Amino acid sequence: MQVYLPIAELSLDVFLLLGLGGLIGFLSGLFGVGGGFLMTPLLIFIGVPPAIAVATQSTHVVASSVSGVLAHWKRGNVDVKMGVILLCGGFVGSTLGVGMFTLLRSIGQIDLVISLSYVVLLGTLGVMLMLEGARALLRRRGQGRTGKLHSHNWAHGLPLKTRFRKSRLYISALVPLAIGFGVGVISSLMGVGGGFILVPLMIYVLGMPTTVVIGTSLFQIIFVSANVTFLQASQNQAVDLVLALLLVLGGVIGAQFGGRLGARLPGDLLRLLLGLLILSVGAKLLVDLLVPPHDIYSLGLT
Amino acid sequence: MNRLVRRRLFSLLLGTFVAAAIVLPARPVGLVADLSSYLVAITTGFSGEDVLFFGAVDGPGDVVVVLRGPDGEQQVLRKSRVAGIWMNTARMSFRQVPSYYAVASTRPIEEIADRAVLRSLEIGLSNLRLALPAAIASANIADEWRAALIRNKQAQGLFARELAKVTLRDERLFRTSFYLPPTVPVGYYQAQVYLFRGGQAVSAQTIPLSVSKVGLEADVFLFAHRRPSLYGLVAVIFALLAGWIAHAVFRRN
C-alpha cells in the first residue's frame, strides 16, 4: 500500500516505513540508544531527500526520548540542573547547526558533510564500544570494580564552579555548556538525538554516575530535538508529518520487543553487538565515499 | 429603449460572425484533441497516474503530442576525487528546464519533420533548448553537462526515455497516454498537440493540465509552507504526545 508523503513529495510503501520504524525501535529498545544514526542513512537509502530525512528524524527523536525519559524520571534518575545547563548549550549549538545545514544545502555539500560526520563519529565510537565490550567479556571472571568514582582532570580547574547534587559533582558549568553546544551542532547536522556521543562524554569527561547519565541525556535531547524540529519546520519546511507519524508508530511497537530482549542479554555482549552495528554503518558510508560513483553528475536543488 | 438594446446586440453578434468568418479560413481546424482529465490529483494513495490524450484529425498526417511540466532553474553537480573522497566540486545552473517532458508520435520524429522544424517547436529531448550561457562553458563541455542533466532527469522518470506511441485509427482518431510517476512535480503542465503534413505543422492545439495536491496532502503541504512556525509547533506537540502515549501503553503491559 503506497502512501504519498506531502513534504518529501514522493510515495513510499506504508509497510516499508512502519517496518523501518519498527526495526529502529527494536534496536533502540535493545541497545538503549536513540537509533537516529541508523534511521537517517536508511531513510536516505530508500529515496527520501537527505534534508527531509534529517529534519523528520528529529521529530521521531523527540517522541522516543519522551517515552524513555518518563521511566527514568519516575526512578529519580534525571539530574535536572545538569540537564538544563546541557540544553542551554544545546539550544545555541542546534540553532547554529540548522543554520549551517541551510547554508551547506544551498552550496550542494550537505550530503558530503553528513556522510563524513557519520564516518568519523561512528568509526570512533564503534571501535571504542567494541574494545570495551570485548575486554569486559574476556575478564568476566576477573576482578571486581576498582578505581575512583570519577577521575579529576583539566575540566575541574575551570571557573564558574557549580554543585550538581544528584550527580554528586562540583565542577565548572562551562564544561557541560560546551558539551551541550557541540552535541547540539552535531545532532542538527546529522539528524540524531546525539545520545550516543553525549553519554560517553557525560561518563568520561564530566564524570557523572552511570545511573543518572541516560535519564539526563534523554531529558536534554527532548528539548534540543524539539528545537531542531521547530527550526527545520520554520526555516526549511523540511519536516514531513505523515512520514514522522508512520516512523513513530512503528518505532513504538518495535521498542517494546527490543526492550524485552535487551533485558535478557548480558550488557557486555550488547555493547559488542552495538559496536559492530555502528562500525558496519560507518564502514558502508565510508565505502560509498571512496568508491567511484555510478554517475559523477547529479541534480542539485531546483 | 428595448429596441435600441436589441439592435446593439444584433450588430454585436453580426460583427462577431463577420470577424469569425474572416479568421477561420486563414487557420483551418484540422485537429481536435482532449485529455482524460484536466487535473491530476495527488492524494494520500497517489502512486503515479496515466494521462490519456485522444482526438481526431481531418485526414492523413502525423500526430505529435508533447507534454511539458512547468519550467524552472535546475542545478547540476559534478563530483571529483579529492584526497580519495568523491565530493561535489563543480556545479552549473540551467535556466528554464521543464520539470517533466515526454513526447508521443505516430512515427519516429526524425521521419516526420526535419531538425530545424523540430528544434523550433522543441520536439524531442535532443531538440530541447537547454543551453548553458556561452560565457561559462565551451561547446563540448556544455554538451556534457546537458547530457548529464537529461540522464539524471530520465533516471528520476521525469524525462521520458523513449518516444511514446500515438495510435491513429482510420487516419481520423488518435490516442496516446503518458505516465506521470509518483515523484511528478506539481504545477501547470502544457500539452502541445501537433498535426504534421509534408514536414510542416499544419495545425496545433494547446491543452492545459494541472498537477496538484488535493485533500489532506494539500492541507499538510500548504500548512507547512504558509504557517511554518505554527507547523513546527504542531510537529513538536505531536512528538511530545506520541512519546507520552507510548510510555502510557508501555507501562500498562
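A residue is called buried if 20 or more other C-beta atoms lie within 10 Å of its own, exposed if 12 or fewer, and partly exposed in between, with C-beta atoms placed from the backbone. This is a predicted model, in which local features need pLDDT of at least 70, side-chain atom pairs count only at pLDDT 80 or more, and totals for chains, interfaces and linings use all residues. Residues are numbered from 1 along each chain as its sequence is written, and chains are lettered from A and ligands numbered from 1 in the order in which they are written.

View 1. Helices (H or I, at least four residues) and strands (E, at least two) are DSSP runs, numbered from the N terminus. Because 5 of the 5 residues of β7(B) are buried, the strand is largely enclosed by the rest of the structure. B:Ala102 and B:Ala104 point one way from β7(B), while B:Tyr101, B:Val103 and B:Ser105 point the other way.

**View 2. The strands that pair with β7(B).** Two strands pair if DSSP finds at least two bridges between them. Strand β4 (residues 62-68) of chain B pairs with β7(B) in the antiparallel sense, over 5 bridges. Opposite B:Tyr101 of β7(B) stands B:Arg68. Strand β8 (residues 164-165) of chain B runs parallel to β7(B) and is joined to it by 2 bridges. There, B:Lys165 in β8(B) is the bridge partner of B:Ser105.

**View 3. Confidence along chain B.** The predictor's confidence in each residue, pLDDT, runs from 0 to 100. Chain B has a mean pLDDT of 84, with 85% of its residues at 70 or more. Within this chain, the highest confidence is in strand β7 (residues 101-105), at a mean of 94, and the lowest is in helix α1 (residues 2-26), at 49. Two residues are in contact if their C-beta atoms, placed from the backbone, lie within 7 Å.

**View 4. The two domains of chain B.** Domain 1 (3-214) and domain 2 (215-253) divide chain B, with bounds from an automatic or database domain assignment. Their contact takes 6 residues from domain 1 and 5 residues from domain 2.

**View 5. The contact between chains A and B.** For the complex, the predictor gives an ipTM of 0.80 and a pTM of 0.75. Chain A contributes 44 residues to the contact and chain B 48 residues. On the chain A side, the largest share, 9 residues, comes from α3(A).

View 6. An open sheet is formed by 3 strands in the order β5(A)-β5(B)-β6(B), with antiparallel pairing. Its edge strands are β5 of chain A and β6 (85-98) of chain B, each of which pairs on one side only. Between the chains, β5(A) and strand β5 (residues 71-82) of chain B pair over 3 bridges. One of the bridge partners in β5(B) is B:Val76, which faces A:Leu299.
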